[in-house]
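Visitor: I have not looked at this structure before. Could you take me through it one piece at a time?

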Amino acid sequence: MGSSKGPSLFSDFGKKAKDLLAKDYSSDQKFTLASDSVTGLALSSTVGKNGALSSGNVTAQYKRDNSVLDVKVDTESNQISTTLTVTDILPSTKAIASLKLPDYDSGKLEAQYFHEHATFSMAVTASQSPVVDVSATIGTPSIAFGAETSYTTDSYKFVKYNAGVSMTKPYSNASVILADKGDSLRFSYMHHLDQLNRGAVVGEISRKFSTNENTLTVGCSYVVDPNTIVKAKLNNHGNLGALLQHELKPKSYLTISGAFDTKALEKYPKFGLALSLKP
């Protein structure tokens, strides 16, 4: 909606770089079967295993006009998560209501507003001690400045405040975020390359001032063919990750990933396998 004509939400600053470094990497085994219908109802069932722990969930999504209802039943946490999203109740707005049963204090209401030169988001938890989250950005689709904060009504304190800048071009994007009440700084940069068949390279540097700890992570993705992509990442602590994802048929994917500690090769590497089928 309006976010394509103006700056993105603050929560989306650096998201593309983060997704390239983290999305689809896994150390467990997972199988998902999904289906949808012309009525707007989509169903999916997932079973997974991580070591000796097994889990499963069933999700349903129903779309109608400008509304989307998501329901998820999780056997591991014994929770039922529901989310209702309605766009354009008022022009250029989005409203989101969520609740996790049986925890009635988990309810949350969020409103988002998109403008040509600004975005605004406000969320309030429906608990006995509500927490108010507010974020705002100003700028354009090419460059935006933003900040976010969380305020607890029981202690009358700001428990979080972050700020940052995001820069986006057709083939690249970069972001700088000052987080953790000024205790950490993160810079990320991603660039699409024709040499990688429209794959991308990414770099992320984060520093935590209180511990003097620095982390440098580099990664890349390579499009082998229209149905296959490979990704890899490595940080200065010696953690190496690799991933291969193949589209078996439209919207059905096989993903194999691995994680290795190059500074402790005697340790067994971790492998993940995910199969998602959509008949």
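Visitor: Which residue stands opposite Ala-136?
Guide: Ala-136 stands opposite Ala-147 in strand S10. Please note that this is a predicted model, in which local features need pLDDT of at least 70, side-chain atom pairs count only at pLDDT 80 or more, and totals for chains, interfaces and linings use all residues. Residues are numbered from 1 along each chain as its sequence is written, and side-chain values use heavy atoms, with hydrogens and water left out.

Visitor: What counts as a strand, and as a pair?
Guide: Strands are DSSP runs of E with at least two residues, numbered from the N terminus. Two strands pair if DSSP finds at least two bridges between them.

Visitor: How many bridges are there between S9 and S10?
Guide: Nine bridges link S9 (residues 131-139) with S10 (residues 143-152), in the antiparallel sense. The two form a hairpin, with three residues between them.

Visitor: And which residues does S11 span?
Guide: Strand S11 covers residues 157-169; it runs antiparallel to S10, and ten bridges join the two. Thr-152 stands opposite Lys-157 of S11. S10 and S11 also form a hairpin, this one with four residues between the strands, and Tyr-156 in the turn has a positive phi of about 55°.

Visitor: How many residues does the hairpin from S15 to S16 pass through?
Guide: That hairpin joins S15 to S16 through two residues. S16 (residues 228-235) runs antiparallel to S15, with eight bridges between them, and Ser-221 is opposite Lys-231 in S16.

Visitor: Something else: which residues form the nonpolar patch on the surface?
Guide: Ile-205 and Leu-216 belong to it, along with Phe-187, Tyr-189, Val-218, Leu-234 and Leu-240, and together they have about 550 Å² of accessible area. Such a patch takes residues with over 30% relative accessible area and no salt bridge, nonpolar side chains (Val, Leu, Ile, Met, Phe, Trp, Tyr) being joined within 5 Å. Strands S13 (184-193) and S15 each supply at least two of its residues.

Visitor: Is Tyr-189 buried, partly exposed or exposed?
Guide: Tyr-189, which lies in S13, counts as partly exposed because its relative accessibility is 34%. Buried means under 20% relative accessible area and exposed over 50%, with partly exposed in between (1.4 Å probe, protein chains only).

Key:
Patch = residues over 30% accessible without salt bridge, like charges linked within 9 Å, V, L, I, M, F, W, Y side chains within 5 Å. Areas by Shrake-Rupley, 256 points an atom, 1.4 Å probe, with all protein chains shown as cover. Salt bridge = Lys/Arg side-chain N within 4 Å of Asp/Glu carboxyl O.
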